[in-house]
Amino acid sequence: MSMGRAVFKGRRWVQLSALFLFASALFYASSWGKALLRSILRLDPLWLFGGFGGLALLASGFVVGRAFCGWICPLGTLLELCPSEKHPSTPRSWDSSGVLVLSFAAIAVVLGFSLPLAFSPLSLWVRSIVLLLFPPLSFMGERLLQLTSPLWERLGLEELAYASLRTFHFRGIWPVLGTFAGIFALNFIAPRFWCRHICPLGALLGFVSRWSLLRRRVGDPCTSCGLCVRRCPMGAISPEDPARTRRDRCILCGICKFLCPQDAVRFGLLKGEAAPGFLPSRRAVLTSLGLGAFAGILSRRVVSRVLRPSHLIRPPNALPEEEFLDRCVRCGACMRVCPTNGLQPALLEGGMEALWTPRLIPRIGPCEPECALCGDICPTGAIRPFSAEEKPSLKLGVAVVKKDRCLAWGWGKACLVCDEACPYDAVGLEPVPGKDVLGPVIYEEKCTGCGLCEHRCPVPGEAAIRVERRT
């Protein structure tokens, strides 16, 4: 049994279809797409190091090797479509870098430092698209609707005439942009440089691919012309003997099969000679494990004890902070579905281990009382599912009145905005001493920290009422 040319001819269509499926899940993430996006992200076997994740994709490596990288992975597809160095030549000593990255990530995650999971291609791709692509797309879409509104109204299409799109804005996107751009810049060193030398998921699938059932094999007609060696995008074919293949590198793209002038390449079950992979030195492995252990222990024992700012508010029904950091993979799915755009990526407010985790910034957008989307879409349980009816019992924090900035308390001007905005009747009014106005006070037992009062506060700049985290 072997795979013919017809199968490989359809590979590009499979890649583009998978990319379209990922994009559709993101675009419709607030409706049917949320279940699809959550299911896709849960396939990631790297999450197993954190005590959660899926086995299906890992198990596929024992059957079809790294076919996921060559046929399905959205980041791999984009890298393949981008310009790159045509004839890859990277030093042989770099061949072990993927193993070292994986060993560092595995031990760090096991010991409690979950940030390496943010660099899994699935999490990285979703986060990059949400934070980098959705803001300009949503802005252009909204402007287009505004410009064409008179046309739709004249044509009697009122649904389009009065339609609007939610626009996104995210703070601190430069680290995300730098990471994403850097991955593509590496393509100019060698095709799919990220997939070969850095990707932790690729390294994990490559490890199990050593025992895969589906393999490349070369028949007797081979003349060792070396064309397949020069054009293999993963450098998986041995330069010394083109009949031997590094199974941990081969992504079953079939390029070598199409290029072979003798038609000597086949893909089938349990045959084919394996080329020995370049194993890192014992010192390199121990160094990688040591650095991972250091990062994990530092995160767990030292950094985690640093007092985080009181305004670092997590989404509703999030796990306690330490558990939340262990579970969150920084995919950005919750930020994508937040209807007010209030969920924003954390920068360094909570330390390095909190980078890109979601935080609520009520001044940008509050937590709507009837919304439960972030709990529905979170693939890891860092934000536990909840219903809108449970919202009054889910405490994000407590609003605090800054009397020196408040129009009523500080300036003696009548203002009832926070009282009118509060959906939980948690704001009361009391006489302000020496002034003929009433000032707001907070009933902490009723306040959920939703931030509607902070969002609507008319004071310019920092609001006169601010939600603070309670430990």
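Colleague: What makes Val130, Phe168 and Phe170 contacts of proline 135?

Modeller: Contact takes heavy atoms within 4.5 Å. In this predicted model, proline 135 meets that with Val130, Phe168 and Phe170, once neighbours within four places in sequence are set aside.

Colleague: How far is proline 135 from phenylalanine 170, in sequence and in space?

Modeller: They sit 35 residues apart along the chain, and their C-alpha atoms are 7.5 Å apart.

Colleague: Why is proline 135 called buried?

Modeller: Its relative accessible area is 15%, and buried means under 20%, so proline 135 counts as buried. As for its place, proline 135 belongs to helix α8.

Colleague: What does helix α8 bring to the largest nonpolar core?

Modeller: That core has 122 residues, and Leu37 and Leu75 touch the most other members. Helix α8, residues 121–154, gives the core its largest share, 9 residues.

Colleague: Which residues does leucine 75 touch?

Modeller: Leaving out residues up to four places away in sequence, leucine 75 touches Pro121, Leu124, Trp125, Phe180, Phe184 and Trp194.

Colleague: And the whole chain: how many of its residues are buried, as a percentage?

Modeller: Of the 471 residues, 51% are buried. The chain holds 21 helices and 10 strands, and its C-alpha trace spans about 100 × 65 × 35 Å along the principal axes.

Colleague: What share of the contacts with a separation of 6 or more joins residues 24 or more positions apart?

Modeller: Those account for 76% of such contacts in the protein chain.

Note on methods. Residues numbered from 1 in each chain as written. Predicted model: local features only at pLDDT ≥ 70, side-chain atom pairs only at ≥ 80, totals over all residues. Heavy atoms only, no water. Core = buried A, V, L, I, M, F, W, Y, C linked by side-chain atoms within 4.5 Å. Buried < 20%, exposed > 50% of the residue type's maximum accessible area, 1.4 Å probe, protein only. Helix = DSSP H or I, 4+ residues; strand = E, 2+ residues; numbered from the N terminus.
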